[in-house]
Amino acid sequence: MARRKDKQGICELCGREVEERTVHHLTPKDKGGAHKETALLCRACHRQIHALFTNKELADHYDTLGKLKKQEQMQRFLKWIRKQSPDKKVKVKTASQKR
Ligand SMILES: [Zn+2]
Ligand SMILES: [Zn+2]
């Protein structure tokens, strides 16, 4: 896989260096964000965001990394995740498992 390099790097939210980052659309695609800004996040952060917020909430209130970082529950999560090893598989508590 030639694109391996792009995936490896610093998570834009927690700042940890991870082996694989995933693309998060700051404005969800189904809210018109397909061509808007994206962020490269580790799996843990990415999952946490979608566990906490609906796509509508993301589009309306959390369409920048700055806003996400200021959100109270995210702050608590980030404080915790920064102490975790990037290799460790973290379990993220999901408020609702349905997608
Ligand atoms: Zn992260
Ligand atoms: Zn996402």
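T22 is placed in strand β3, residues 21-25, where a strand is a DSSP run of E with at least two residues, a helix one of H or I with at least four, both numbered from the N terminus. This is a predicted model, in which local features need pLDDT of at least 70, side-chain atom pairs count only at pLDDT 80 or more, and totals for chains, interfaces and linings use all residues. Residues are numbered from 1 along each chain as its sequence is written, chains are lettered from A and ligands numbered from 1 in the order in which they are written, and side-chain values use heavy atoms, leaving out hydrogens and water.

- T22 counts as buried because its relative accessibility is 16%; buried means under 20% relative accessible area, exposed over 50% and partly exposed in between, with a 1.4 Å probe and protein chains only.
- Beyond its neighbours within four places in sequence, T22 has contacts (heavy atoms within 4.5 Å) with A39, L40, L41, C42, R43 and H46.

- Helix α2 holds both H46 and H50, which are four residues apart, about one turn of the helix.
- H46 is buried at 14% relative accessible area, whereas H50 is partly exposed at 29%.

**Contacts of I49**
- Not counting residues up to four places away in sequence, I49 touches L13, H24, L41, L58, L68 and M74.
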